[in-house]
Amino acid sequence: MASPLKPTDPHDNNSDRLRTVARYSGIGAQMAATIGLSTWAGYWLDKHYATQTPWFTLGLMLLGTFAALYNVIRAVSKGE
Amino acid sequence: MKRLLFALLCLFSLTARASEPVATTADATEAEGFQPGEMILHHIGDSHEWHWFSLGEDHYTTYLPVLAYRAGHGVSAFSSRELAEGKTYDGLKLEHEHLVSEDGAKVYDFSITKNVASLILSAAVLLLVFTAVARGYAKRGTEAPRGIQSFFEPIIVFVRDEVAKKSIGPKYERYMPYLLTVFFFIWFNNLMGLMPGGANLTGNIAVTMTLAIITLLITLFSSNKNYWAHIFATPGVPKALLPIMIPVELIGVFVKPFSLMVRLFANITAGHIVTLSFIALIFIFRNIGVAPVTLAFGLFIFFLELLVAILQAYIFTLLTAMYIGGAVEEHHDADYQMGGGDGATPAQVH
C-alpha cells in the first residue's frame, strides 16, 4: 500500500478509536508527570539551598500545574 | 496490610470458626517465614543469577558471569556461583543484589545479570525472527507472504499505516526502522517477561529510560525550526508572557519522554506484582480452598497482561511517532483557540 497520504475521518475505524484512547491517556499521564516532576525539582532545590520557607516547592508546583493545564488545553484544542 | 489480609481471609473462610483465621495468618507469615513482599520484589528485580524454580530445598539456578571493575584492582570476571548464599569471592560480595567490595572501594558492575541475559536473548530472538521475515521479502518480493512473514506483515503494515503515516506525515519513512524496532522490542520483551522464569526487562526503569532517551534524542535531532519557534516564540503569545511560556514549553519537551519511561515501567511492573500477589495469597493462607479463587484472579490478570503487553508496545510507539511528528511538522494549520487566528502570524500546530 504505497498510496499517497490522504486525509481520513478521525472516527472511521477501530484503530483510530484506539489511537484516540492512547493519545488522551498519554495526555493524562503527561499531566501527572509534569506536576510531579516540577514539584520534585522544587523540593530538591529547597533541600539543597536549605530555604526557610519552601518557595521553590511552591513556585515550581504552581508552574508545573500551569504547564500541565496549558499542555492539556493545547493538546485537546488541537484536535486530530 | 494485615487488616486487609484479615478481611480477605474472613471472606474466604466464612464457614470456618471465627478464631481460626487469626492463627492461620500468624502461622503462615511467622512460623513458615514466607515473606510475600520479599518474594515479589525479588521476582521483579534484577539479579546476578537466574533462578528458575525450587523444589523443596533444591534450587534450579543458572549462574551468570559477574564482571566487575575496581580502580586499582582491575577487572574481575567469575561465575556468580562463587557469590551464592552470601559467599565472598575476590573481595566482592552481594548485598541485596548489589555487588559491593569488602574494602569499600567503588565497584563498577558490568555483570551479565538476569536482565542483561534476557536482553541478549530477546535481541537474538528478534534478529532470528526478522531476518527470516526480511528473507521472505527478498525472495518473494511483492508476492503473497508465507510462513512467519505472513504473521508479521499485518503488524508491520499496521505500524506503518496507522502509527507512522498518521502521526508523522509524509516524512514517516526514515523513522520506520526505529518505530518498528521499539514496537517489537517492547512487545517481545513484555511477552518474554510473562513466560515462566522470564526476566522483568521492560519493567526495569533503566531499560525504559534508555528507550525514552533514544526517543527524546531522535525527536530533538529531527526537529525543524517550527518546533523550536513554537518553544521560544510561541505563536499568539504576547512577548511579556514569554519568560513564563519558555519554561513551560521546555518542561513539556522533557516530560514527554519521562511519561513514556514511567508508563511502560509502571504498567509492566504493576502487572507482575498483581499476578504474583494473587499467587502469593495461596501461600499466605496455606489453604487449598483459596487456590481456585486466587488462581482464577491470577489467570485473569495474566490474560489481561497479554493484552497490556501489545497495548503498551503500541502506546510507546504511537507516542514516539507523535512526538517525532510534532518535531518535523511543517506549519500548515492554524493553531486555533490558542491565538494566531487573525492571520497576522501564521501559527503552527505543535
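Me: In chain B, what share of the contacts between residues at least 6 apart in sequence join residues at least 24 apart?

Reply: The share is 62%. Keep in mind that this is a predicted model.

Me: How many helices and strands does chain B have?

Reply: Chain B has 10 helices and 7 strands. Of its 350 residues, 30% are buried.

Me: Into which domains is chain B divided?

Reply: Domain 1 covers 49–112, and domain 2 covers 158–328. Their C-alpha centres lie 32 Å apart.

Me: Let's take a sheet. What is the order of the strands in the open sheet of 3 strands in chain B?

Reply: Start with the general idea. Strands of a sheet pair through backbone hydrogen bonds, either parallel or antiparallel. Here the order is 4-3-7, and the pairing is antiparallel. Strand 4 (74–79) and strand 7 (107–109) of chain B each have a single partner strand, so they stand at the edges with one side lacking a neighbour in the sheet. Neighbouring strands of this sheet are turned by 25° against each other on average, direction ignored.

Me: How many bridges join strand 3 of chain B to strand 4 of chain B?

Reply: There are 6 bridges between strand 3 (residues 65–70) and strand 4 of chain B.

Me: Now strand 5 of chain B. Which of its side chains are buried?

Reply: Read along residues 92–95 and watch the side chains alternate. B:L92 and B:L94 point to one face and are buried.

Me: How many residues lie between strand 5 and strand 6 of chain B in their hairpin?

Reply: There are 2 residues between them. In the turn, B:H96 has a positive phi of about 50°. The two strands pair in the antiparallel sense over 4 bridges. B:L94 stands opposite B:L99 in strand 6 of chain B.

Me: On to helices. Which residues of helix 7 of chain B are buried?

Reply: First, the general idea. An α-helix has 3.6 residues a turn, so residues three or four places apart point the same way. In helix 7 of chain B, the buried residues are B:V207, B:T208, B:L211, B:A212, B:T215 and B:T219. They cover an arc of only 130° around the axis, which puts them on the same side of helix 7 of chain B. The face turned away from that buried side carries exposed B:A206, B:T210, B:L217 and B:F221.

Me: What do the buried residues of helix 7 of chain B pack against?

Reply: They pack against helix 6 (176–194), helix 9 (242–285) and helix 10 (290–328) of chain B.

How values were computed:
Residues numbered from 1 in each chain as written. Chains lettered and ligands numbered in written order. Predicted model: local features only at pLDDT ≥ 70, side-chain atom pairs only at ≥ 80, totals over all residues. Pairing = 2+ DSSP bridges. Axes fitted to C-alpha atoms, helices over the stretch in contact; angles between N-to-C directions. Buried ≥ 20, exposed ≤ 12 C-beta atoms within 10 Å, placed from the backbone. Arc of directions from axis to C-beta. Contact = placed C-beta atoms within 7 Å. Domains from an automatic or database assignment.
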